[in-house]
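Biologist: Can you take me through this one? I'd like to start with how two of the chains meet.

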Amino acid sequence: MSGFDETTKTLNFDAPNSYVGRSVTRPNARRLAQGRGQFVDDIVLPRMVHVAYLRSPHAHARIVAVKSKKAAAMPGVVRIVTGAEIAMVVKPYVGVLTHLQGMRSPPQYPLAVDVARWQGEPVVAVVAESRAQAEDAAEAVEVDYEELPAALDAERALDPSEPKIHKEFDSNLCFTRTVDTGNVDAVMRAAHLVVEDTIHFGRHTGVTMEPRAILADYNRADESMTVYHCGQSPHMVQGIVASRLSLDEHRVRIVARDVGGSFGIKIHTYGDEIAACALSLMLNRPVKFTADRYESFLSDIHARDHRVRAKLAVDREGNMLALEIDDLTGVGPYSMFPRSSGVECNQILNLTGGPYKHKEYRAKGTVVFQNKNMMCQYRAVGHPIAIAVAEHMVEQAAAKLGIDAAEMRKKNLIPDDAYPCKSPSGMRFEALSHHACIDKLLGLMDYDQLRREQAELRNKGVYRGIGLSSFIEVTNPSPMFYGVGGARIAAQDGCTIKLDANGSIIAATGVTEQGQGTETIMAQIAATALGVEMSCVKVLTGDTDKVPYGGGTWASRAAGIGGEAVLQASLALKRNILEVGAVILKTSAAELDIADGKVVKKGTEQGLTLAELARICYYRGNELPVDFQPELVVTRHYRVKDYAFVFSNGAQGCHLEVDTETGFVRLLKMWCVDDCGRVINPKLVDEQARGGIVQGIGGALYEHCLYDDRGQLLNATMADYLVPMAAEMPDIVCAHVQTPTKTSVLGAKGAGEAGTGGAPGAIMNAVNDALRPLGAKVTQQPITPEVVLRALGKVK
Amino acid sequence: MNAPVETVEIELTVNGERVKRSVPARMSLADFLRTELELTGTHLGCEHGVCGACTVRVDGEIVRGCLMFAVQADGCKVDTVEGLSESREIEELQSAFVLTNALQCGFCTPGILIAAQSLLRDIPNPSREQIREYLSGNYCRCTGYQAIVDAIEAVAKARAGRAR
Amino acid sequence: MKAPRFAYARPASVAETLALLDRHKDDARVLAGGQSLVPMLNFRVAAPRVLVDINRIAALSGIRVTKTHVRIGALTRHVELERSPDVAKHLPLVAAAMPHIAHPAIRNRGTFGGSCALADPAAELPACALALEATFVIAGKKGERRVAAEDFFKGLYATALKPGELLVAAEFPLPKPGSKSAFGELARRQGDYAMVGIAAHRSTKLRAAFFGVGDRPEVIEADTVEGVLSKVETLAPRADLHASAAMKLHLAKVLAGRVLKELA
């Protein structure tokens, strides 16, 4: 394995023994396939008790009285605790980022105090020896509520006549922002064509397989707390638990072992989880909380509840000139801590139209409080909406001008040689490949053939649709995302790597695994950089006691940022090893390399194994010169410096058939070409795309949190909330373009969210493409059969 | 006739081992396996029978562990993912799943493996559509299902190849 | 979502079951397949003090073909119906419905009797029973009685079963030679409850049982397909979470056109 070129600062990832670029299987998949994972609910600790929460049945209500004497006497009950009691041991939190100017949210406590502000907000905690007993007692707790008028309609949220959720604020406004290049009105007035539409996106949620779970273990004897948590950002949680519970941060340990899917759902601060920690503190024993599916629907963050008005101006030839959007979103009664509920809207303002050449852009975003469940970041944050809006407008304009949808993209996508450049919203792009991706996509789809087939079938009354979406995706964020706004969320990441006494490599990384393959790709990177077999690399993640301070996994940062730290640490360790080797072999480090786990003189097989080298260093230091100390443990950190975000890009295609009598949409096939920079493991990237696309299909066709006019969530079960299941899903073809980022040696960008970001746009375009000859159009998601039939005028 | 009771003595075979316990009648089979026998490979995803994460085998047929009470499994033969791993009955499927990356977080995987094994018994040569239809009661949020279909298809083909 | 506490009894016979139901009255519920009842307990929308588990009563199980009928024991699991050559031969409508009922793991436990006794308006088997003019056999303190399917389904989760009674079987008349059946349903996902469904049987008359359209399955009977189609308008569906009333009526018309074509 040839080494790191110090002059060009590059590594040859295409060398024969490189693991980078190979679809190796995941070492940790084997134990998961045998049911030997360790999820939070699997963990049992001595004297552990369980908490169940009584939750508000009302969207907005004053808590007048809590009567729990009867419940407290029931079998197995340990303690019943109200929100006011929890508030005495937990400092409130405020989910505001200061760089989202003007954003406001009042302090929030883990359980409702005095007033409950959404159906499902936890009100009373019941601790018992078993979850079943806790639920029995919770049923016996009587809470007197005085119902209050609820703010449930985002469109009316700012009307003076609407119920004001927070007395201390003058309205239900949480955050507003406008982006304006200054010339939009003039350009639109003069344009050949302006297309306009209003698009509604239905609120939906993550539905992780493993519900949220936490096991907090406070030990009063040494004032320490160990928290087994299903979260994505252990260090962030460490800081939050410590600061909110007034504990020393270094005495708080967060452990995230196996996590049953997260997708951003488990990255937020939930009152029921912080309360579990507080209860452990109060009771001095382990307290476990596992959300059941019903309370997951009521309290896991929701997302993507937006109404977007959009206008696009184009010239006679179809060149895009100006884009305008007005985004309204109704979140929960608080902005979620610590990442804030303003980021989704902010992303939409930043990203809509990002792939295109137009110069003029105006975007207004309004985030309002509502008496519905909390809303916050969920996989691809904002992108599904930003992309769907732009892609819809692009194809609407194309259709009006009689330009083919693919041609319209080729006309308007930023050329591949135009970089670096900036979007009208101020996003800086390092180097993207929109044209390479769409060309590859059209080839894979056999686009022309699909169009021919479509035309033939239309004559037979069969309505197929072809939809495209071109997209950018935020990955590898710098501190500009959260840190700059005051949130204690690390944008840097680190890796501590060591050559252990028996010659194996142990790499501890601050990024985490939820099934996407983080541990695997870190091992691939380390093994490649060090010249060893992957099987001797062990990767440690998810334990604040064991890994360097890091950000965890979110915003598709693990591969690009975590991976770079692993790479740098591995290269530094290699240098140290070669120094040791030079001393032992009596030569210079420049003459040496590591290949197949052996330190060898370059071009020969002469040398010694890492195991032998380690044995000398750890046990037989007498064999080394007195003035030489080997350092076989190395830590390196990495942060993105040159850009706010390292964007990836891609293109997706969707082929479907609409049954115009029933409104049912049948997905025939989908395609995704993604440029995530250097691909570390092609199979894992493909599978992220597939899983992400299916989540996007969920939002586009099936998933919707349905609230009634009293703020009651009507479909809080797996039978009534429709997630994509196997029989309705298509096969998805994935391919790559690789434009490595120069912001790191590794050159990897993130890949976990692009599938979800681009899919809804492609699907909505495909449905509208199918319906176009019938003069019908859909402008809302999820696109249910009824939405289609109403668009067709067949149901009124 | 005995009066109805809240706690019941049951005796059953789990993964080939005889087990005797006294259980609350209301305890689900899934909770019994997880908490009494500490076989945590069977997972709870919804507790209303829709997601399939709790799928186990009772007397040779797949069932939802969350929709059966442990007392109902009295006298029955129960197989969980741990037992089917130990006996190597699903080893081929497990290897195929690892190869095609048909699992990511692994939470749905034990249920899907047990359902897949049942599928291949009922339909030895399934088409991709048949695989998708049989698995339509098992929710997976991570994979989007395609890799799972690939893995099962591969095992079916391998078994068919050997049968010739 | 843990079930509330209950006392459990496992009678060995129908007589024992009836005695338990008589002793505990409203406090008791029958546990058959449990695929619908147990979720209700887990959601705590049902909290019976006594659960009477009838799963080991062999007399309640089995598919028997006589000279005039196919008798299906109430405890017969869906999967047994699915795999039964007798059902395939004599009750092809039921066979056609089976793959639409939930999923394999549910069908391994769920029972024919449980489905009919629950009477979910979007369920397949009640509609089949109606279309095929089955008779339900009910055991009570005073003995057995029979109720025709068209008198059995009364409303939303409401049947002719009186407190203390137990559904023991259904008798399907052997179809006349030359009779034909057709089945279809529209559901968002494989195995979901139907948005709209039709179980139709053509013998001397054409009986089309619509399900998912009201609080119980509705039969439209006519001599011809056109006759049935012309009456679909009379269905008065109620909106649910996934479809408005207008949508359901529209789907009923479309589905009727497609399914009944097979019976022309």
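Modeller: Keep in mind that this is a predicted model. The contact takes in 51 residues of chain A and 45 residues of chain B.

Biologist: What area is buried between chain A and chain B?

Modeller: About 3,900 Å², with carbon and sulfur atoms giving 58% of that. The size of an interface is often quoted as the accessible area lost when the parts come together.

Biologist: Which three residues supply more than any other three of the area that chain A buries against chain B?

Modeller: A:Met209, A:Met725 and A:Ala726, which supply 18% of the area chain A buries there.

Biologist: And how many salt bridges are there between chain A and chain B?

Modeller: Six. One of them joins A:Asp731 to B:Arg132, with their closest N and O atoms 2.8 Å apart.

Biologist: Why would side chains pair up like that?

Modeller: Side chains of opposite charge can pair when their charged atoms come close.

Biologist: Which helices of chain A supply at least two residues each to the side that touches chain B?

Modeller: They are α1 (29–33), α4 (131–140) and α17 (682–702). Of these, α17(A) gives the most to that side, with eight residues. By class, the side of chain A that touches chain B has 23 nonpolar, 15 polar and 13 charged residues.

Biologist: How does the lining of the second largest pocket divide by class?

Modeller: There are 20 charged, 19 nonpolar and 10 polar residues.

Biologist: Back to salt bridges. What's the count over all chains?

Modeller: By this rule, 89. Among them is the pair A:Arg451 and A:Asp769, whose closest N and O atoms are 2.9 Å apart.

Biologist: Where do A:Arg451 and A:Asp769 sit in the chain?

Modeller: A:Arg451 is in helix α13 (residues 447–459) and A:Asp769 is in helix α18 (residues 754–771), both of chain A. The pair links distant parts of the chain, 318 residues apart.

Note on methods
Residues are numbered from 1 along each chain as its sequence is written. Chains are lettered from A and ligands numbered from 1 in the order in which they are written. This is a predicted model: local features need pLDDT of at least 70, side-chain atom pairs count only at pLDDT 80 or more; totals for chains, interfaces and linings use all residues. Side-chain values use heavy atoms; hydrogens and water are left out. Contact means heavy atoms within 4.5 Å. Buried area is the accessible area (1.4 Å probe) that two parts lose on being put together, summed over both. A salt bridge is a side-chain nitrogen of Lys or Arg within 4 Å of a carboxyl oxygen of Asp or Glu. Helices (H or I, at least four residues) and strands (E, at least two) are DSSP runs, numbered from the N terminus. Ala, Val, Leu, Ile, Met, Phe, Trp, Tyr, Cys and Pro count as nonpolar, Asp, Glu, Lys and Arg as charged, and the others, Gly among them, as polar.
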